[in-house]
Amino acid sequence: LTDQFKSQQYQLLVFFTCIHMARNHYLLTTARDFFGYLGDDKTGNKYQTIFFALIPLSVVGLPIVNYIMMVHGYGTALQVVDALGLFHGLIQLSSTSINSQVVGFLALSISKAIDLVQRSHAVVDFEVSI
C-alpha cells in the first residue's frame, strides 16, 4: 500500500485532482457573480441555468472518455482535461459576450466527465494491485 502512495501515478493524480477540484469549486462559487457581470440578470438567469444543467449532463461525454482512455491511455486523458480546462478558461477570460460562454460550458462539461472517469479508473487500479 505504501508503494502505491509513493508511485508517480498516484502523486500526479493527487496533484492533478487538487488543482482541478480547487478550480471547479471556485467556478461553482463565483458562477452567479460572473454571469451577473456579463448581463445574465437581464435574461432571467438563462445562462446560469444552462451552466448548471450541463454539469450533470456531462455523462453524455462518456463515449469520448472511453475512446481516449482505451486508445490513447491515461496520460493523454489527463492532458485532454487540462486542454479543455484551458480552453474554457480562455473563453471565460477573453470574452465578455455571454453567448460565447456556452461553448466554454460544453468544454467544461466534457472535461468534468473525463476527470471523473479518470479518478474512478485510478482508484480501481490502486485497489486491484493491493
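Visitor: Is Phe34 buried or exposed?

Guide: Phe34 counts as buried, because its relative accessibility is 19%. Buried means under 20% relative accessible area, exposed over 50%, and partly exposed in between, with a 1.4 Å probe and protein chains only. This is a predicted model, where local features need pLDDT of at least 70, side-chain atom pairs count only at pLDDT 80 or more, and totals for chains, interfaces and linings use all residues. Residues are numbered from 1 along each chain as its sequence is written, and side-chain values use heavy atoms, leaving out hydrogens and water.

Visitor: Okay, and how many aromatic pairs are there?

Guide: Five. Rings of Phe, Tyr and Trp (its six-membered ring) pair if their centres lie within 6.5 Å; planes under 30 degrees apart are stacked, over 60 edge-to-face, the rest tilted. Phe34 and Phe35 have ring centres 5.7 Å apart and planes at 55°, so that pair is tilted. Phe35 is buried too, at 2%.

Visitor: What about Phe51 and Phe52?

Guide: Those two are edge-to-face, 5.0 Å centre to centre with 75° between the planes. Phe51 is buried at 3%, while Phe52 is partly exposed at 33%. Phe34, Phe35, Phe51, Phe52 and Phe105 form one aromatic cluster.

Visitor: New topic: what does Gln101 touch?

Guide: Leaving aside residues up to four places away in sequence, Gln101 touches Phe34, Leu38, Ile91, Gln92 and Ser95; contact means heavy atoms within 4.5 Å. Gln101 counts as buried, at 0% relative accessibility.
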